[in-house]
Amino acid sequence: MRVMSIPMVQLPEHGYFRLYRLQQKALLFPIRTAHQLLRHVGKTKHEVADSASEALKAAYEQLLRDEWQSVEQGYYPKSILFDFPFTRYALHLPLLTAEFFRVHRRMRQGNYKDLPEVADATRYPKYYLRNFHWQSDGYFSKHSARLYDLSVEFLFLGTADVMRRQILTPMARHLKRDPSRAAHMLDVACGTGRSLRFISKAFPNIQATGLDLSPFYLEQAKKTVQHDPMVSLVQGNAETLPFDDHSFDIVSSTYLFHELPRAVRRTVMSEMDRVLKPGGLLVLEDSAQPSEAQDLAVFLGSFAADFHEPYYRDYLRDELLELMPDHYQGKQQRRAFVSKVAWAIKPSA
């Protein structure tokens with residue numbers, strides 16, 4: 001996969017931060033303009049109070065500051081901030097434009113079962129057999145996997161990768177406790193592999209395994225992490241992880257739990273606990289929740305209304321941190337724009 005990145009020329013530290021902000025603003029302005037146009041064409045405009053808009057702007061700026069602080073503290077290299085596939089996304093823009101019209105049609109029709117013929121559908125849970133976000137083919141085609149990363153960057157104003165990278169900071173702190181140990185980590189529901197890409201670049205000595213239920217998204221993930229011998233990919237269901245007990249030093253997951261029914265969230269959490277070693281780190285990222293992001297409540301509510309996310313409203317009431325086993329230690333969480341990161345340590349035996 002070709003990735004066009006900004007050359008890391010020698011600059012003062014504040015120069016890198018300005019370059020980073022310039023990159024993010026260059027993404028923000030055209031995407032925000034396109035959002036406004038689509039809301040007008042699609043007649044889905046929501047009335048948003050000035051205070052809510054200001055809260056969103058403040059959360060956006062805080063996200064950029066938090067990421068830069070993580071870089072300054074040495075948790076991951078600054079080069080990761082500029083690892084953005086501009087060329088690939090630019091080539092896919094015509095496809096994404098056509099996708100908007102298909103998504104709008106499904107929204108009007110309420111057609112969440114518009115899927116291609118799924119080979120051996122019995123292999124997949126019933127809740128998975130739908131087109132989340134009204135996207136074409138759900139998680140069941142190369143087309144869907146090809147457009148996914150660009151779609152979520154558009155949805156989140158160019159911050160999808162920035163938010164994904166917020167799992168790196170608690171991972172870095174955990175790994176620094178014993179830097180000589182060869183750690184093995186699992187990323188559950190790895191999707192197209194963007195989180196795995198950042199993990200492998202931040203921690204080149206870590207052995208990383210990505211698991212996903214969609215063979216099409218795993219195929220895209222292979223391209224995302226190609227040529228990295230420390231990353232392996234496995235197809236499987238997070239409800240029945242195909243790994244032995246206590247297999248991993250770190251278990252992570254990004255944007256999985258809001259797409260699961262309540263009972264399934266607990267099954268998946270139990271499986272993560274089973275495969276995590278005593279003393280290991282569990283780190284989760286998902287949508288923000290009203291308990292810590294009441295200032296963004298209007299945006300969280302409109303997301304549930306505009307997109308086909310049948311379990312999202314329940315997720316907003318189901319605290320991510322409280323899903324972790326009660327006996328886990330050092331539970332913490334942190335806002336990350338419209339997302340949140342939660343982490344804790346499994347007690348040693």
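The following legends describe close-up views of a predicted model.

**View 1. The second largest pocket and its lining.** The second largest pocket has a volume of about 400 Å³. Its lining is made up of 21 residues, and those closest to the pocket centre are Leu175, Lys176, Asp178, Pro179 and Arg181. Helix α6, which spans residues 168-175, supplies the largest share of this lining, namely three residues. By residue class, the lining of the second largest pocket contains twelve nonpolar, five polar and four charged residues.

**View 2. The surroundings of glutamine 166.** Glutamine 166 lies in the loop that runs between α5 (160-164) and α6. Its relative accessible area is 2%, and glutamine 166 is therefore classed as buried, a term that applies under 20%. The side chain of glutamine 166 forms a polar contact of 2.9 Å with the side chain of arginine 334. When neighbours within four places in sequence are set aside, the residues in contact with glutamine 166 are Leu63, Asp66, Glu67, Tyr76, Glu285, Arg334, Ala336 and Val341.

**View 3. The largest nonpolar core, with phenylalanine 257.** In soluble globular proteins, nonpolar side chains tend to be buried together. In this model, the largest nonpolar core comprises 105 residues, and Met171 and Phe257 are those with the most contacts inside it. Helix α2 (residues 50-72) contributes the largest share of this core, with eight residues. Apart from its neighbours within four places in sequence, phenylalanine 257 is in contact with Arg265, Val268, Met269, Met272, Leu284, Asp286, Tyr315, Leu320 and Leu323.

**View 4. Helix α7, a mostly covered helix.** Helix α7 is formed by residues 194-202, and eight of its nine residues are buried. The buried residues of α7 are Arg194, Ser195, Leu196, Arg197, Phe198, Ile199, Ser200 and Ala202.

**View 5. The largest cavity and the residues around it.** The structure holds one cavity of 30 Å³ or more. The volume of the largest cavity is about 40 Å³. Its lining consists of Gln23, Gln24, Leu81, Asp83, Phe84, Glu153, Gly158, Asp161, Val162 and Arg165. Two elements, α1 (13-42) and α5, each give two or more residues to the lining of this cavity. Sorted by class, the residues lining the largest cavity are three nonpolar, three polar and four charged.

How values were computed:
Residues numbered from 1 in each chain as written. Predicted model: local features only at pLDDT ≥ 70, side-chain atom pairs only at ≥ 80, totals over all residues. Heavy atoms only, no water. 1 Å grid on protein atoms, 1.4 Å probe; cavity = no way out; pocket = protein on both sides within 12 Å on 5 of 7 lines; lining within 4 Å. Points joined across faces, edges and corners; volume = space filled by probe spheres on them. Helix = DSSP H or I, 4+ residues; strand = E, 2+ residues; numbered from the N terminus. Nonpolar A, V, L, I, M, F, W, Y, C, P; charged D, E, K, R; others polar. Buried < 20%, exposed > 50% of the residue type's maximum accessible area, 1.4 Å probe, protein only. Polar contact = N/O pair within 3.5 Å; in protein donor to acceptor, adjacent residues only side chain to side chain. Contact = heavy atoms within 4.5 Å. Core = buried A, V, L, I, M, F, W, Y, C linked by side-chain atoms within 4.5 Å.
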